[in-house]
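User: Hi! I am new to reading protein structures. Could you walk me through a few features of this one?

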Amino acid sequence: GGGGLGGGLRQVTDWDLSKMPVFEKNFYYEHPDVTSRSEEEAAAWRRQHEITIVGQGVPKPCLSFEEASMPQYVLDEVLKCGFDRPTPIQCQGWPMALLGRDMVGISKTGSGKTLAFMLPAMIHINAQVCAHAE
C-alpha cells in the first residue's frame with residue numbers, strides 16, 4: 001500500500017537462504033612485504049601516524065598501493081591519477097575494508113577517507129553475483 005518511498009515493493013515471505021547467491025566479503029590478500037613486517041613495525045608506523053586501533057585480528061597496514069592487494073584495474077586508475085602512495089587512513093583502512101570487516105575511520109578533511117572506503121566498496125560491488133528478479 002501507500003504511495004511513499006518503497007510503496008511499490010512486493011512483500012517477500014518465502015526467504016530461502018539456500019537459494020541466495022553466495023556473498024563474498026574477503027578480497028584481501030596480504031602482500032609478502034606486509035607479511036614480513038613485524039607487529040612491532042606496524043605498531044610503530046601506527047604511532048607515527050597517530051592511528052589508534054581497537055579490536056581483534058586487525059591487519060597490518062599496507063604502505064604502498066602494490067601492498068594493498070587491489071585488482072590491477074583499480075591500481076592502474078589510481079596510478080593514472082598521479083597518487084604516489086596511500087594516505088595513512090587508506091594504509092590501515094583498505095586491509096580492513098577488503099577483509100569485509102567493520103571499521104570506523106575518523107580523520108581530517110582531505111586525508112583520503114573517501115578513497116579509503118570507496119575503492120574497497122567498488123571491489124566488493126564488482127565481485128558480487130547479480131541478483132535477477134523472477
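**Reading loops and helices**

Analyst: Happy to. Let us start with a loop: E50 sits in the loop between α2 and α3 (72-80). Keep in mind that this is a predicted model.

User: What is the phi of E50?

Analyst: The general idea comes first. Most residues other than glycine have a negative phi. In this structure, E50 follows α2 and has a positive phi, near 55°. That is a positive value in a residue other than glycine.

User: Which loop holds S69, and what is the phi of S69?

Analyst: S69 lies in the loop between α2 and α3. Phi of S69 is near 55°, again a positive value in a residue other than glycine.

User: Is S69 buried or exposed? And is E50 buried or exposed?

Analyst: Residues under 20% relative accessible area count as buried, and those over 50% as exposed. S69 has 17% relative accessibility, so S69 counts as buried. E50 has a relative accessible area of 73%, so E50 is exposed.

User: Now the helices. Which residues are buried in helix α2?

Analyst: Here is the idea behind reading a helix. An α-helix has 3.6 residues a turn, so residues three or four places apart point the same way. In helix α2 (residues 39-48), the buried residues are A42, W45 and R46. Viewed down the axis of α2, these buried residues fall within an arc of 100°, so they line one face of the helix.

User: What do the buried residues of α2 pack against? And which exposed residues are on the face turned away from the buried side of α2?

Analyst: The buried residues of α2 pack against α4. On the face of α2 turned away from its buried side you find the exposed residues E40, R47 and Q48.

User: At what angle do α4 and α5 pack?

Analyst: Helix α4 (residues 88-98) and helix α5 (residues 113-127) pack at an angle of about 25°, and their axes are 9 Å apart. Angles under 35 degrees count as roughly parallel, and α4 and α5 are therefore roughly parallel to each other. Their crossing is right-handed.

User: Which residues make the contact between α4 and α5?

Analyst: From α4, the contact is made by I89, Q90, W94, A97 and L98. From α5 come K113, L115, A116, L119, P120, I123 and H124.

User: How many residues of each class does the contact of α4 with α5 have?

Analyst: Sorted by class, the contact of α4 with α5 has nine nonpolar, two polar and one charged residues.

Technical notes:
Residues are numbered from 1 along each chain as its sequence is written. This is a predicted model: local features need pLDDT of at least 70, side-chain atom pairs count only at pLDDT 80 or more; totals for chains, interfaces and linings use all residues. Side-chain values use heavy atoms; hydrogens and water are left out. Axes are lines fitted to C-alpha atoms, for helices over the stretch in contact, and angles run from 0 to 180 degrees between N-to-C directions. Helices (H or I, at least four residues) and strands (E, at least two) are DSSP runs, numbered from the N terminus. Angles under 35 degrees count as roughly parallel, over 145 as roughly antiparallel, 65 to 115 as roughly perpendicular and the rest as oblique. A crossing is left-handed if the near helix is turned anticlockwise from the far one by less than a right angle, and right-handed if clockwise. Contact means heavy atoms within 4.5 Å. Ala, Val, Leu, Ile, Met, Phe, Trp, Tyr, Cys and Pro count as nonpolar, Asp, Glu, Lys and Arg as charged, and the others, Gly among them, as polar. Buried means under 20% relative accessible area, exposed over 50%, partly exposed in between (1.4 Å probe, protein chains only). The arc is that of the directions from the helix axis to the C-beta atoms.
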